[in-house]
Amino acid sequence: MNAPTTRRLTVAQALVEFLAHQYTERDGRRHRLISACWGIFGHGNVAGVGQALLESGDALPYLQGRNEQAMVHAAVGYARQCDRLSAQAVTTSIGPGATNLVTGAALATVNRLPVLLLPGDVFATRSADPVLQQLEVPSAGDVSVNDALRPVSRYFDRVTRPEALIPAALQAVRVLADPVDTGAVTLALPQDVQAEAYDWPEEFFADRVWRVARPAPDAGALAEAVQAIRGARRPLLIAGGGVHHSEAEEALRAFVDATGIPVASTQAGKGSLRHDHPADVGGIGHTGTATADALAREADLVIGVGTRYTDFTTASSTLFAAPGVRFVNLNIAPFDAHKLGAASLVADARAGLEALTGALSGHRVAAAYEAGYRAAKEEWERRVDAAYGAADDSVRPSQTQVLGALDGIVDDTDVIINAAGSLPGDLHKLWRARSRRQYHLEYGYSCMGYEIPAAIGVRLAAPDRPVWALVGDGTYLMNPTEIVTAVQEGVNITVVIVQNHGYASIGGLSEATGGERFGTAYRFRAGDGTYTGAPLPVDLAANAASLGMDVLRAATVGELRAALVKARGANRPTCVYVETETADTVPGAPDAQAWWDVPVAETATRPAAVAAREAYDRHAAGRRRHL
């Protein structure tokens, strides 16, 4: 009998070779599971994974980043644009390079988006102990800073011997390709083990296809859901991110066209229906539309499709207020399907919606209910027009007018990316999503600094689509470094910097909760110790230019429109910089249509906090448990 064929490679070389042969397949279409590897090199990965990537050539392309957290954001943006069927890896050194991954890993796992993290680790052999940047824990010799990644990873392993790579790598890609379990996956790689050679079985490097199934709903659960829908007089469907991940938009439209049930959307689910579909009633929850939130308060049945029901969606458990309201949840993850005491339909979103549509044949909501929400939708659209419009092109634009100007030039191909500040609320209420992947809001973790690197990832996944990163000044200052990456790699993104001299969102929240906007403005400290002086002489446009971007400054509504048109047609990374008008006299987004629970000081001496607590207690009294 012939001995099994082996190949002698280092652990890092073997891992890179293995990753280059992993694929996902859904609906007969095959995708590279790991399309590229981002990396910043230092001791701990330069002579291991770095050398292996160099040796691999084009088998696993390398992308150079500037900040480890930002590299994860770029990989997450890529994976979301690819419907989680393709992902990217990120390699770092030990020490701060590794711990910088933690925020990005949390974001990926919270949002159920796949990314493979390959941080270097301290010597497994302890031959150099302590090594530079090693955390020493007197009570545990096997702990390193990489253990900080355990709670934010869906799978974590430390490869301390070469032969341990085989089961660890297989488990890692299994989790990455699983729509229920996916998120950040970490393989911590001790730097000495990375460079160690081993005789690997050739089978380890064979092409391997991970099939992403579309599980159908259980017949009994389907019958229960159908009975609940047929018995409802005021049903409302909430579309979450799972609709997009499953590519279930057409199935959702067919369901809605057949039944007339209105659709509200979470931040992750917006765009599941086009904005101009008569059943699309817009965003739901604290940042939702008046139309969607009014329907939610009166709904006797809520059908959640691919949603996690975060506190923004439920208005901190105050939104679904009708006596006896019940829930039907269609979700591929049982953990989410059972929330709110729902009748659970554990299935792929597309398969589940198709099954519901077939089983509900001939069923439609009452004509009066349909006419009522359509009229409310038209009224809300008039409020959007008012927020977007500007009577005079020569005035400084408000933030909502910035969105209105952008709305006027984009088409179905554009992608709008945002994550933090006051923009997510305005976008959720106002943005008219034209296609399934146009609206890209990271609001599971709402991480400042996500937008620019994520835009790079999206553009790498969709090189023919115009990609816009919308950032406030606070967000820009958190993480502008990947502008250099966009310039170096020739990734044509547009960054729109909205300058309002402070944390507008948290400033408003501070005012509403008795904090009086303390510590939320970018201003000089005044004589009394408050930050109420003149705005800081910070030129973010000049900063973007210094990092290699072409910069277009816009001082008025008219100049802004012209700058956006020019930026959209540019062939290299471009920044549009606009300082917004914040006076109360200019049009803005409508106020929040539902509550959000941010606890207020129970006892205080300042009148603002006392009044805020009284308001808090009134709202909190409306919370309820759905069991």
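**Exercise 1. Find which helix gives the largest share of the lining of the largest cavity.**

Step 1. Helix 15 supplies the largest share, 4 residues. Helices (H or I, at least four residues) and strands (E, at least two) are DSSP runs, numbered from the N terminus. The model is predicted: local features need pLDDT of at least 70, side-chain atom pairs count only at pLDDT 80 or more, and totals for chains, interfaces and linings use all residues. Residues are numbered from 1 along each chain as its sequence is written, and side-chain values use heavy atoms, with hydrogens and water left out.

Step 2. Helix 15 (367–388), strand 14 (280–283) and helix 17 (423–430) each give at least two residues to this lining. A cavity is a set of points, on a 1 Å grid over the protein atoms alone, where a 1.4 Å probe fits but cannot get out; lining residues have an atom within 4 Å of a point.

Step 3. Of the 19 lining residues, Lys270, Asp280, Gly282, Glu381 and Trp431 lie nearest the centre.

**Exercise 2. State the volumes of the largest cavity and the second largest cavity.**

Step 1. The whole structure holds 4 cavities of 30 Å³ or more. A volume is the space filled by probe spheres set on the grid points, which are joined across faces, edges and corners.

Step 2. Residues lining the second largest cavity include Arg26, Asp83, Arg84 and His245.

**Exercise 3. Decide whether the residues of strand 6 are buried or exposed.**

Step 1. Buried means under 20% relative accessible area, exposed over 50%, partly exposed in between (1.4 Å probe, protein chains only). In strand 6 (residues 87–92), 6 of 6 residues are buried.

Step 2. In a regular strand the side chains alternate between the two faces of the sheet. Ala87, Ala89 and Thr91 point one way from strand 6, while Gln88, Val90 and Thr92 point the other way.

Definitions and conventions. On a 1 Å grid over the protein atoms alone, a cavity is a set of points where a 1.4 Å probe fits but cannot get out, and a pocket is an open set with protein on both sides within 12 Å along at least five of seven lines; lining residues have an atom within 4 Å of a point.
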